[in-house]
Amino acid sequence: MVDTIEIAGKDYPVRFTLGALAKFEKQTKINALALSDPSKLGSDAACYLIYCGLQAGAKAAGDAFEMKAGELADILTLADVVRAFDILSAEIIGEKKA
């Protein structure tokens, strides 16, 4: 199942696959499976985590995510980060929120 996240008024599929998390970990040296609180990440790392999830979500939907990480950073809000962490947390503990 692929969740969606609304960013700047547009819905994007987001999926935190192991590949997406590994890409995040390789770039940031932060254990993604230990994340439980978005305030424990800096803004660059939070943006990159969402970026990796959006790339994986697009791939699962059969699309390509064309936006660059810097472009994404310019439109992400703190509410977007919280929503992404809700999705990540649900996937880590195996629960989907309605």
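Modeller: Helices are DSSP runs of H or I with at least four residues and strands are runs of E with at least two, both numbered from the N terminus. The model is predicted, so local features need pLDDT of at least 70 and side-chain atom pairs pLDDT 80 or more, while totals for chains, interfaces and linings use all residues. Residues are numbered from 1 along each chain as its sequence is written, and side-chain values use heavy atoms, leaving out hydrogens and water.

Biologist: In which order do the elements of the protein chain run from the N terminus on?

Modeller: The secondary structure of the protein chain comprises four helices and two strands. Read from the N terminus, the order of these elements is β-β-α-α-α-α.

Biologist: What share of the contacts with a separation of 6 or more comes from residues 24 or more positions apart?

Modeller: A contact means heavy atoms within 4.5 Å. Among contacts in the protein chain with a separation of 6 or more, the share from residues 24 or more positions apart is 61%.

Biologist: Does A8 count as buried or exposed?

Modeller: A8 lies in the loop between β1 (3-7) and β2 (10-14), and its phi is near 50 degrees, a positive value in a residue other than glycine. By relative accessible area, buried means under 20%, exposed over 50% and partly exposed in between (1.4 Å probe, protein chains only). At 60% relative accessibility, A8 therefore counts as exposed.

Biologist: In which loop is K29 found?

Modeller: K29 also has a positive phi in a residue other than glycine, near 65 degrees. Its relative accessibility is 69%, so K29 counts as exposed. The loop in which K29 is found is the one between α1 (18-28) and α2.

Biologist: How many Å apart in space are S39 and G70, C-alpha to C-alpha?

Modeller: S39 lies in the loop between α1 and α2 and is exposed, with a relative accessible area of 60%. S39 and G70 are 31 residues apart in sequence, and their C-alpha to C-alpha distance is 20 Å.

Biologist: Are α1 and α2 roughly parallel or roughly antiparallel to each other?

Modeller: The two helices pack with axes 9 Å apart, at an angle of about 150 degrees. Angles run from 0 to 180 degrees between N-to-C directions, with axes fitted to C-alpha atoms over the stretch in contact. Those under 35 degrees count as roughly parallel, 65 to 115 as roughly perpendicular, over 145 as roughly antiparallel and the rest as oblique. The relation of α1 and α2 is therefore roughly antiparallel.

Biologist: Which residues of α4 make the contact with α2?

Modeller: The axes of α2 (residues 43-60) and α4 (residues 78-93) come within 10 Å and cross at roughly 55 degrees, and these helices are therefore oblique to each other. From α2, the contact is made by A46, L49 and I50; from α4, by D80, V81, A84, F85 and L88.
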